[in-house]
Amino acid sequence: MAVNRSIASLSTLLQTSALDAVALTEAVLEKIAGYADRSVFTTLLPERARAEAQAAAGRIATGRSLGPLDGIPFAWKDLFDTKGSVTTAASAVMTDNAPAEADAAMVSALAVAGMVSIGRTNLSEFAFSGLGINPHFGTPKNAASTDVPRIPGGSSSGSAVAVAAGLVPAAMGTDTGGSVRIPAAFNGIVGYKSTRGRYSMKGVFPLATSLDSLGPLTRTVQDAVWIDAAMRGLTASPIMRGDLSGLKLVVAETVVFDDAEAGVVAAFEQALERLSAAGATITRRAFPVFSEVYALAARHGPLIAAEAYALHRERLQGPDAGRIDQRIAARIRLGEKIATSDYIAILAERQRLIAEFEASFAPDELVVHPTVPHVAPAIAPLDADQDLFVKTNLKTLRNTTIGNVLDGCGVSIPCGTGDAGMPVGFLLSGRRNADEQLLSAALAAEAVIRGEA
């Protein structure tokens, strides 16, 4: 059975009884069991998945379907509590923790919509890297690579690979500095980062609470829209496909193209040409606030490090410190040097930068640029060279981190290929709480961005 389909495609088969939810779940579990890369999932939940699939099949057979997501398999980044199993955050120091006593709020919300929880996926330890390399649970191999093993992107590495490899139709990620959009871009799928606070974080292991947001990794924008509705407790999404002729896109010209690979720029520019030909209005503009985001971090230290250190301080000072990936530990320890006065200054300055950003483009405009300035690099050199790891991690996170600091929302859509035939992501970004506008535009533009229309 082909399980590498979109949610919309599988839903049609399930709702018309052309496909049975139990058979679909068994096919997914079988495909995962036969997949060569054993590092994609940290935990499988076969008993739960079979029970939920059986319930969905019974509802559909008796005309009581919960909606288009009923019976659809789904995977969770291993930051989300699932009742009865340990949430590890892909860290060796968390594996002996007590099992979760209840599902995370969003796990419950998608269960109410009938989705089938297959398991939890791997990630960068504590979600603190854009590369997806993990020495404890292994590094999932990029599903799009045809030459050498390449990074999946992080931190939602396993979620992205699970979708791109066709193991599940969709999976959940978190995004604190690009952790949904980066792996989506690297693996050639869709990644939607919501505005922070759009969904409940209850039962989700945090990284930096001022920046953490949630979002699904999917095969299509439509699938992300359906999941968004279910996460908000809606039986149907109010988001409608926009009109390309009314789409206004502003190409950011500050920071995001610095030292970008030629293949990435070419794929992005070709997508812009297609969008313009289809009726979208394209303008180009400098965004000095993007530079200020990094100037702020240079003056006072990175906000993410300050909050991550507050969370992990006891671990770093205790006997478990040596069990943490030292590359991750070193990054967290940057927060130790950030004084309280600096932290307060960061928060105050951040609000100014958000206001400045939102004043720099019109409410009916969206900002666009390449999701990542390079395609997914090979794993081996990064594992062997710590300096290269740090340098590549910073560059990988550069474009997407801006959206987290400025508290916006974004969707990465595949727009072509760059070096070694690897996927390139096209990032559409909106101001905070402009999620409906963003998703509507993404629905309208997706086929053109992909070069399919």
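This note goes through selected local features of a predicted model.

1. Strand S6, burial. Strand S6 covers residues 213-218 and is mostly covered. Six of its six residues are buried. Ser-213, Gly-215 and Leu-217 point one way from S6. Leu-214, Pro-216 and Thr-218 point the other way. Both sets are buried. As background, side chains in a regular strand alternate between the two faces of the sheet.

2. Strand S6, partners. Strand S4 (residues 170-175) pairs with S6 in the antiparallel sense, over six bridges. Within that pairing, look at Thr-174: its bridge partner in S6 is Leu-214. Strand S5 (residues 190-193) also runs antiparallel to S6, and two bridges join them. Here Gly-191 has Leu-217 as its bridge partner in S6. Leu-214 and Leu-217 point opposite ways from the strand.

3. Helices H10 and H12. Helix H10 spans residues 303-317 and helix H12 spans residues 340-359. Their axes come within 10 Å and cross at roughly 135°. From H10, the contact is made by Leu-303, Ala-306 and Glu-307. H12 supplies Tyr-343, Ile-346, Leu-347 and Arg-350. The crossing of H10 past H12 is left-handed.

4. Cysteines. How many disulfides does the model have? The count comes to zero. Cys-409 is in no disulfide, and the nearest cysteine sulfur, that of Cys-415, is 19 Å away. Seen from Cys-415, the closest cysteine sulfur is in Cys-409, and at 19 Å it is too far for a bond. The cut-off is 2.5 Å between sulfur atoms. Are these two residues buried or exposed? Cys-409 counts as buried because its relative accessibility is 3%. Cys-415 is buried too, with a relative accessible area of 3%.

5. Leu-66. This residue sits in the loop between helix H3 (46-61) and strand S2 (73-77). Leu-66 counts as partly exposed, at 39% relative accessibility. That value lies between the limits of 20% for buried and 50% for exposed. Leaving aside residues up to four places away in sequence, Leu-66 touches Arg-59, Val-112, Ala-113 and Gly-114. Thr-235 is 169 residues from Leu-66 in sequence, yet the C-alpha to C-alpha separation is 8.0 Å.

6. The loop between S3 and H5. Two backbone points deserve a look here. The peptide bond from Gly-154 to Ser-155 is cis, with omega near 5°. Ser-155 is placed in the loop between strand S3 (116-121) and helix H5 (157-164). Ala-127 lies in the loop between S3 and H5 as well. Phi of Ala-127 is near 65°, a positive value in a residue other than glycine. Ala-127 counts as buried because its relative accessibility is 6%, and the limit for buried is under 20%.

7. Asn-433. Where is Asn-433 placed? Asn-433 is in the loop between strand S11 (423-430) and helix H15 (435-450). Its phi is positive, about 65°, although Asn-433 is not a glycine. Asn-433 is exposed, with a relative accessible area of 58%. By contrast, Ala-127 is buried.

Key:
Residues are numbered from 1 along each chain as its sequence is written. This is a predicted model: local features need pLDDT of at least 70, side-chain atom pairs count only at pLDDT 80 or more; totals for chains, interfaces and linings use all residues. Side-chain values use heavy atoms; hydrogens and water are left out. Helices (H or I, at least four residues) and strands (E, at least two) are DSSP runs, numbered from the N terminus. Buried means under 20% relative accessible area, exposed over 50%, partly exposed in between (1.4 Å probe, protein chains only). Contact means heavy atoms within 4.5 Å. Two strands pair if DSSP finds at least two bridges between them. Axes are lines fitted to C-alpha atoms, for helices over the stretch in contact, and angles run from 0 to 180 degrees between N-to-C directions. A crossing is left-handed if the near helix is turned anticlockwise from the far one by less than a right angle, and right-handed if clockwise.
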